[in-house]
Amino acid sequence: MKIAAYGELSLHVSVVPTHAPAPADRQFLLRGVDMEVGGSPHYVAAQASAQGDSVLLVGTVAPDPAGRWVRDALTRWGPPATSIHVVDVGTRSTRLVLTPDYSGGDIDILADPADGDVDVLAHHAALSDGSDYAHLSCFPGTERLRDALVGSGVPLIADFGFLPWRRDPAALARAVAPQLVGVAVAVFNGSGAAAETVRLAREAARSEVRVSLVTFGKDGALVCDAHTTHCLPARNVQVVNPVGAGDTLTTAFVHAWHHGASLDVALDHGQAAAARHVSRHPAGVGAGARTGGAG
């Protein structure tokens with residue numbers, strides 16, 4: 001299988017503090033700082049390459065020090081059968097994630113990733129020719145790129161997990177309706193309005209889309225087509241860092257499904273990959289690099 005992954009790349013910085021056992025005596029002492037390439041394109045490419053797929057990664061970074069770190073890390077990473085095209089755009093390329101503990105509880109995004117115009121990648125849509133699928137987070141500002149990828153004839157894996165849409169089902173419905181043409185797999189995040197999101201996913205699977213996925217984080221995931229629905233709980237693992245779990249689950253699911261697995265078996269394959277991803281140290285996969293401890 002060949003998959004093309006498009007979108008923003010970022011320097012994903014995880015700051016892991018420690019604290020005293022008693023809540024009243026909490027301290028903020030940095031236990032470690034970890035850096036790796038983040039953003040959906042890299043999480044998709046890392047999982048695809050790990051399972052032996054051919055990968056095209058087309059991403060944007062800012063021409064800032066963090067962006068240069070991303071470029072260098074991707075150059076060092078470069079697994080077999082992977083082609084990497086990185087475009088400078090925007091002004092910053094950093095995402096900072098504060099993890100209060102390893103329980104998988106509170107994850108606080110303190111700084112957004114790169115603020116560049118991902119639609120500049122529309123000029124590179126032809127690179128996906130010959131791919132079995134193109135993956136894109138279909139957030140606001142990706143319309144031209146989405147249309148170009150659909151126009152290329154490559155089936156789209158469309159991620160509709162934009163954070164504000166998770167809390168506003170009406171906005172999600174308005175955004176998704178015109179973007180289903182050319183979509184093979186529609187991906188939703190059900191951690192906000194779960195019932196409404198599942199309803200939209202099922203409607204999508206009864207119309208243009210072959211398969212809809214809904215992820216619920218620690219509460220598992222759901223997959224449906226026009227005829228069936230399957231739900232599976234998340235694996236019981238210690239969560240170290242959940243960022244990128246949905247992209248990993250989706251990529252592993254599509255790999256198994258593309259190679260003939262039933263929906264439930266493919267979803268189980270995706271859940272297993274997501275469990276491995278969230279239980280690993282941030283620097284343990286892809287282009288990650290562990291820095292020294294701080295504090």
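**Exercise 1. Which residues of helix H6 are buried, and what do they pack against?**

Let's work through this predicted model together.

- Step 1: The buried residues of H6 are Thr197, Val198, Leu200, Ala201, Ala204 and Ala205.
- Step 2: Look down the helix axis: these buried residues fall within an arc of 160 degrees, so they line one face of H6.
- Step 3: Now find their partners. The buried residues pack against helix H5 (169-176) and against strands E10 (183-189), E11 (211-215) and E12 (221-224).

**Exercise 2. What span should helix H6 have at 1.5 Å a residue?**

- Step 1: H6 covers residues 194-205, which makes 12 residues.

**Exercise 3. Where do Glu203 and Arg199 sit relative to each other in helix H6?**

- Step 1: Glu203 and Arg199 form a salt bridge, with their closest N and O atoms 3.0 Å apart.
- Step 2: The two residues are four apart in H6, so about one helical turn separates them.

**Exercise 4. Which parts does the pair Asp88 and Arg71 tie together?**

- Step 1: The side chains of Asp88 and Arg71 meet in a salt bridge (3.3 Å, N to O).
- Step 2: Asp88 lies in strand E5 (residues 82-88) and Arg71 in helix H2 (residues 65-77), so the pair ties together parts 17 residues apart in sequence.

Technical notes:
Residues are numbered from 1 along each chain as its sequence is written. This is a predicted model: local features need pLDDT of at least 70, side-chain atom pairs count only at pLDDT 80 or more; totals for chains, interfaces and linings use all residues. Side-chain values use heavy atoms; hydrogens and water are left out. The expected span of a helix is 1.5 Å times one less than its number of residues. Buried means under 20% relative accessible area, exposed over 50%, partly exposed in between (1.4 Å probe, protein chains only). The arc is that of the directions from the helix axis to the C-beta atoms. Contact means heavy atoms within 4.5 Å. A salt bridge is a side-chain nitrogen of Lys or Arg within 4 Å of a carboxyl oxygen of Asp or Glu.
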